[in-house]
Amino acid sequence: MKKQVPLFIVFFIGLLGFLQYFITGPLSKSVYTLLLEWFQGVQGMAIIMAVISLTRRHFTNVRKGKNVFYSLVTLISLYGMMILGIFFGIGKGSIFDKIYEFVMVPLNATTFSLLSFYMASAAYRAFRARSVESALLLLSAFVLMIGLTSFGDVLSESLPYFAQWVLDVPNLAAQRGITLGIALGILATSLKIMLGIERSWLE
């Protein structure tokens, strides 16, 4: 019963969410609204579980003397922001907002600035023309990098239009193919979970 009941709940809720998509009417809308409300409740519980799990993990690290500094920074940041938000508000001009604006935003900008160098390094390694595919990748990247800058206008008036065409036609087609593949993967995984074929989440 420990496994059958969760499997039945997952199958029933999954089937309900699937059928309401194809059935119109007030009853279907009510079911959809109810499922959304339940989802928000489950989402809230998931956040609470994540906070508890994170706290336990870093308390264990502190107790064992493993990465103590980073674990303390994580715990102080987590609970400090939580206390500031709950007792002093999160509106414009609050301490919570100032810490976010003057600490979190610059840290994000720094991280993404560092990532750009890693991306450039990875692109340098990937763009070596060792095969036809990598040569096409190299050519496309070169056309886009040059064509989407003001330097592209200087070289040729048609280069920016060609770069935009590469983005709008071949790139969009590839993106739609990837999106379709992701959707089919989600559908297959959902069916496996609903039918009880995939049970690793029960362990």
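Modeller: Start with axes: each is a line fitted to C-alpha atoms, for helices over the stretch in contact, and angles run from 0 to 180 degrees between N-to-C directions. Helices are DSSP runs of H or I with at least four residues, numbered from the N terminus. The model is predicted, with pLDDT of at least 70 needed for local features and 80 or more for side-chain atom pairs, while totals for chains, interfaces and linings use all residues. Residues are numbered from 1 along each chain as its sequence is written, and side-chain values use heavy atoms, without hydrogens or water.

Biologist: At what angle do helix 5 and helix 7 pack?

Modeller: Helix 5 (132–147) and helix 7 (158–194) pack at about 125°, and their axes are 8 Å apart. An angle under 35 degrees counts as roughly parallel, over 145 as roughly antiparallel, 65 to 115 as roughly perpendicular, and the rest as oblique. Helix 5 and helix 7 are therefore oblique to each other.

Biologist: In which hand does helix 5 pass helix 7?

Modeller: A crossing is left-handed if the near helix is turned anticlockwise from the far one by less than a right angle, and right-handed if clockwise. Helix 5 makes a left-handed crossing with helix 7. Contact (heavy atoms within 4.5 Å) involves Val143, Leu144, Ile146 and Gly147 of helix 5, and Leu159, Pro160, Phe162, Ala163, Val166 and Leu167 of helix 7.

Biologist: How do the residues of that contact divide by class?

Modeller: Ala, Val, Leu, Ile, Met, Phe, Trp, Tyr, Cys and Pro count as nonpolar, Asp, Glu, Lys and Arg as charged, and the others, Gly among them, as polar. The contact of helix 5 with helix 7 has nine nonpolar, one polar and no charged residues.

Biologist: How do helix 1 and helix 2 cross?

Modeller: The axes of helix 1 (4–22) and helix 2 (residues 26–64) come within 10 Å and cross at roughly 135°. These two helices are therefore oblique to each other, and their crossing is left-handed. On the helix 1 side are Ile13, Leu16, Gly17 and Gln20, which meet Ser28, Val31, Tyr32, Leu35 and Trp38 of helix 2. That contact counts six nonpolar, three polar and no charged residues.

Biologist: What is the volume of the largest pocket?

Modeller: Rolling a probe the size of a water molecule over the atoms shows where empty space is left. On a 1 Å grid over the protein atoms alone, a cavity is a set of points where a 1.4 Å probe fits but cannot get out; a pocket is an open set with protein on both sides within 12 Å along at least five of seven lines, and lining residues have an atom within 4 Å of a point. Points are joined across faces, edges and corners, and a volume is the space filled by probe spheres set on them. For the largest pocket that volume is about 270 Å³. Its lining has 13 residues, with Gly14, Leu15, Gly17, Phe18 and Met194 closest to the centre. Helix 1 supplies the largest share, eight residues. By class, the lining has nine nonpolar, four polar and no charged residues.

Biologist: Which residues are closest to the centre of the second largest pocket?

Modeller: The second largest pocket has a volume of about 190 Å³. Of its 10 lining residues, Leu137, Ser140, Ala141, Leu144 and Val166 are closest to the centre. Helix 5 gives the most to this lining, five residues. Leu144 and Val166 are also among the residues in the contact of helix 5 with helix 7.
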